[in-house]
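Subject: Structure handover

Hello,

Here is the structure for you to take over. Please open it alongside these notes.

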Amino acid sequence: MSRIAYVNGRYVPHRDAMVHIEDRGYQYADAVYEVCEVSQGRLVDSTRHFDRLERSLNELRIRQPMSRGALMTVVLQTVARNRVRNGIVYVQVSRGVAPRDHFLPPPTLPPAVVVTARAVDKAAGERSARKGIGVITVPDNRWGRPDIKSVQLLPNTLAKQAAREAGASEAWFVDATGNVTEGGSSNAWIVTHDGRLVTRQADRSILRGVTRTGVLDLVKRRNLTIEERAFSVEEARGAAEAFITSATNPVTPVVRIDGHPVGDGTPGPVSLALRAAFHEVTEMSRPAIHGIK
Ligand code: PDD
C-alpha cells in the first residue's frame, strides 16, 4: 500500500509530498511539531499533544493553522489513509513560505502544515524494552528553549548518532552543573534504591513530555513517591533503575550509562511495571478507521 501525506490542504502520495524551498521551516528551523502515538487505531493523549502544539506555536508567535477540530480531522484522516493501527502520527507547522529574510514575515502569512503517519514495529519496541538500552551522556549544547517542540533538532540528531556509534540507543544531555536534562528524543528518569521516582522538573530546560505527564499520573495513582528535580549523572549511575519516556516507545528501561551498568544491568521491576500499565491512564481518541475495535 502506498503512503499518503497531508501537505497544505491536500492528501498526496508520500513520494510526491514536497514543501517549498522558501518554507521557513526549511531555511530557519522556524517550525514546531508533535509526534503522537497511535495505538489500536486511536490517538494516545491527543488533547495533551494538541495543547502542547498550541503552546509551542504561541511561544514562537506562529499562527494556529486551523481549529483543533479541523486538525483532529486531518490527523485521523492521515492515520486512516495510511491504515496505521499501531505507530505514530507526525504533525509539523512552519511559519509558512516567504522570501528569505531573517525578520519575521507579516503575521497574516498562512502557516504550512504537514502530517504523516507510519506503522511502528511494536514487537521490536517490546524486545528492546525487555533487554534494556544503553545511553551515553553528552553536554547539552541546545538553544535555551527546548521546552518548545521546535524542529531545531541538529544537536539532538548529532547526540543520538554519537550514541549509536558508541553502541548505545539514546544520548542524555547534561547541563553545565552536571545534571541530566533529558534525552535526545525522550525524557530521563531514575528510580532510587528506596523506590522514589525522580525526573527533572519541567521548566525551560526540557520538553514537558506528554508521556512523562502520563507516567506521573500513573505514579500518583499507584501512590509511589515522585520527585520532580534535577539529578546528576553520578546519581543516575548509582540508581536502582533508570528509564526513558517518549511517545514512540512509552517506558524503556536504561541498563547502561556510559558503559556502566545501572542496578544489576537488567530492566528493573518498577520500569517494567510502569511500561505494562502505561495505557491504563492515557486518553484514547475515537478510532481513525471506522470499525477498528
Ligand atoms: N520526541 N524530549 C525530547 C527532546 C523529545 O524530542 C521528546 C519526544 C520527548 C518526549 O516527549 P513525548 O513524551 O511527548 O513524546 C522529550 C519525539 C517522539 C520525536 O522527536 O520523535
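Below are notes on the ligand site, then on the strands.

This is a predicted model: local features need pLDDT of at least 70, side-chain atom pairs count only at pLDDT 80 or more, and totals for chains, interfaces and linings use all residues. Residues are numbered from 1 along each chain as its sequence is written, and side-chain values use heavy atoms, with hydrogens and water left out.

Ligand site

The ligand is surrounded by 20 residues (a heavy atom within 4 Å). Tyr 33, Glu 182, Val 210, Thr 211 and Ala 247 are the closest.

- Tyr 33: a polar side-chain atom is 2.6 Å from a ligand oxygen.
- Glu 182: a polar side-chain atom is 2.6 Å from a ligand nitrogen.
- Ala 247: a polar backbone atom is 2.8 Å from a ligand oxygen.

On its own, the ligand has 480 Å² of accessible area, and the protein covers 91% of that (Shrake-Rupley, 1.4 Å probe). Elements giving two or more residues to the shell are β3 (31–39), α2 (46–59), β9 (180–183) and α6 (210–221) (DSSP runs: helices H or I, at least four residues; strands E, at least two). Domain 1 (4–120) and domain 2 (125–280) each supply at least three shell residues. The domain bounds come from an automatic or database assignment.

Strands

β3 and β5 run antiparallel, joined by eight bridges (pairing needs at least two DSSP bridges). Val 32 sits opposite Val 93 in β5. β5 (residues 87–94) also pairs antiparallel with β6 (residues 112–119), over eight bridges. Tyr 90 has Thr 116 in β6 as its bridge partner. Six of the eight residues in β5 are buried (under 20% relative accessible area, 1.4 Å probe, protein chains only).

Best regards

Conventions:
Polar contact = N/O pair within 3.5 Å; in protein donor to acceptor, adjacent residues only side chain to side chain. Buried < 20%, exposed > 50% of the residue type's maximum accessible area, 1.4 Å probe, protein only.
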